[in-house]
Structure formats: structure tokens, C-alpha cells
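Open the model in your viewer and keep the selection tool at hand. The stops below say what to select and what is there.

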Amino acid sequence: MKCRKCSRKAVINMRQHKLGLCKDHFLEWVPQQTQRFIEKYKMFPRDAKVLVAVSGGKDSLALWDILHRLGYSADGLYISLGIDAGINYSGESRRMSENFARQRGLQLQVVDIQQEYSTSIPELAETTQRGKGKPCSVCGLVKRHVMNRIALESGYDVLVTGHNLDDEAAVLFGNTLNWLSGYLRRQGPVLEASPGLVPKAKPLCRCYERELAAYALLRGIEYIYEECPHSVGAKTIYYKELLNQLEADRPSAKLSFYLSFLNAKKEGLFAQQKEELTTELNTCQSCGQLTSAPGTCSFCRLIEKVSPDA
Ligand code: Q46
Ligand code: ZN
Ligand code: ZN
């Protein structure tokens, strides 16, 4: 197959776009596409101070690389969760993130949960029983809290994450199967700012995972190949497999599923649903972030359970 733009040999055939590209044109095309989506979904302006949530995996490092190449002021935030599970997952992913930043002269902030809060995600999950031993529920809560805290403290305009189309389509599939209208209403490329919360954006939400893996490889980005060991058995992985089967028979099925959803939302699906009341917000007595709970926020209550003196 030949490159659509220069007739050299294509390194990637993207059946979903009916497009084959050579290495140089593919590495040009991915950032161009990302820039197009940033503008189309009004994610953030050219001069925004951007904080990239970095996990050491291909998607978040590719996103940081792309934003850097596009000329954005983008710093990284890595949260060390204390997950080992026999493969030193947190240690390795931190090393990949730090190497990436060092090699490119980029700023990376590291928040080590063990150091800051004298606990780890597995310990929090075990002690609090939240999520019945599965740490993903506490992990999500901790990450959201820390990301928002750092973004607010350091004056970032937007927090971006490396969620790709496969992630978004799988989450959408799960939300639709169960008609979780509250989640469906909030799902999208942008989560706008609300009192006490920095806006969030997903600039790669229309990029296939396969395209990002190819981008990372061709750009020579070193990343951690292993997924978090706790993701094994997650429903989203099962949904991804199902959607991959569908995509194999019908190229671009994932993309049209996601785009049709965004269009339906734009045309007013869920418009009747009332916004959750956000007026009753209190300042957490412990950390100062805004919370709908009286007294302390759910993050601080979680930490208090394992280290009452923290
Ligand atoms: S890091 Fe955390 Fe994920 Fe690992 S413990 Fe679950 S939520 S799977 S994105
Ligand atoms: Zn070419
Ligand atoms: Zn708090």
C-alpha cells in the first residue's frame, strides 16, 4: 500500500479512514488531527497553561509529545499510586514518565501518595473495603482529587488526559448498556469548569488506540507496555474486545458509535435532564477543596480512615 500523500510505502493502513500514510506523513497527520479536535470541541486556547495527566503509558506520553510538538505550554503530572503487584508497576511507570520528561526538557510534577499521605491505593482499598477489594474505585477518587488540587494550586487552565477513542467507545458502550443517563450526560471530549473544579479535556478522544500505539512506536517513545495489574477483568476491557470484533467486520464502527452519540447530545439528547444542583457546595475543613458533602470531602474521609492523624 502506498502513502496517500507522497506515494512512498505506507507504514500504516487506517481502514476506518480509508487512509494509508508513510512514516513522515503519519507523524504529521496525528498532531494535525489532534489540533483539529482541540479547536472543534473548544478544548483550550493556544496560550492555555495545560497540565497533562501522565501515567507512563503510550496514550498519555503520546499526548504530551503531540502537545509539545504543537507548541503548547504543557507540563506533566504523574501520580505514584504505590501499585506493585509483582511487576513494580508504579516504579516502572514513574521511571518511564521521568525519562520522557528529562529527555525532552519538560516539567513533570510527581505526587507520591505514599509520601504525601502515608498510604497506597492497595492499602486504601483493603482498609476501607470501598469497591470490595478492587482498588479502582478508590484509585479514581484519589486521582481526581490530586489532579484537581495540583491544577488549582499551580494555576493551570485545563487538565488533559490521554483517553483515546477505544476508551471512550468502551465507556459509552457500558453506559448505554445500562442506560446510565447521568454518566452519559457528562461524557464527552470536554468537562467544563464548575466551582472548585478545573476544566478537563480529552484531545485524543477521536484517535484509535492502534494509531496511538503506532505514533508512540514511530516517535521512539518508551512507555510501559503492561496495563495496571488491577485492570484485569475490568468490564471496559471486555467491551473493548466486543467493539474490536465489530470494528473488524465494519471498519469505523467505533468512531461512528462515538460520533453519533456526540451528535445526538448536541441535538438535545439529555437536554431535558436537570443539571445536578451544585449550589450546595461547602469548603472541605481538611483540604479546602469544594465538596457537596458537609464537613470534609470524600477524599479526606478516605485518608482519615487509614491514617487518622494525617
Ligand atoms: S490505575 Fe487505578 Fe486504573 Fe489501576 S487501580 Fe484501577 S483505576 S486499573 S486507570
Ligand atoms: Zn507520505
Ligand atoms: Zn478534603
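This is a predicted model: local features need pLDDT of at least 70, side-chain atom pairs count only at pLDDT 80 or more; totals for chains, interfaces and linings use all residues.

Residues are numbered from 1 along each chain as its sequence is written, chains are lettered from A and ligands numbered from 1 in the order written, and side-chain values use heavy atoms, without hydrogens and water.

Donors are N, O and S atoms within 2.8 Å of the metal (3.2 Å for Na, K and Ca); water is not among the atoms, so sites may look incomplete. Cysteine 3 counts as buried because its relative accessibility is 4%, and cysteine 22 is buried at 3%. Buried means under 20% relative accessible area, with a 1.4 Å probe and protein chains only.

Next, go to the zinc ion (ligand 3). Which residues are its protein donors? They are Cys284 (SG), Cys287 (SG), Cys297 (SG) and Cys300 (SG), 2.3 Å from the ion. Here the angles are 105 to 114 degrees, so this arrangement is tetrahedral too. The spacing along the chain is C-x2-C-x9-C-x2-C.

Now colour domain 1 (1-30) and domain 2 (31-214 + 231-274); such bounds come from an automatic or database domain assignment. Their centres, taken over C-alpha atoms, are 27 Å apart. About 1200 Å² is buried between domain 1 and domain 2, and carbon and sulfur atoms give 53% of that area. Buried area is the accessible area (1.4 Å probe) that two parts lose on being put together, summed over both. On the domain 1 side, select Gln16, Trp29 and Val30, which lose the most area to domain 2, together 47% of what that side buries.

Finish with the largest nonpolar core, which has 54 residues. A nonpolar core is a set of buried Ala, Val, Leu, Ile, Met, Phe, Trp, Tyr and Cys residues joined through side-chain atoms within 4.5 Å. Among the members that touch the most others are Phe26, Phe44, Val50 and Trp64. Domain 1 and domain 2 both give residues to this core, so the core lies between them.

Conventions: Four donors count as tetrahedral if all angles lie between 85 and 135 degrees; four count as square planar and six as octahedral if opposite donors are over 155 degrees apart and all others between 65 and 115; anything else is irregular. Buried means under 20% relative accessible area, exposed over 50%, partly exposed in between (1.4 Å probe, protein chains only).
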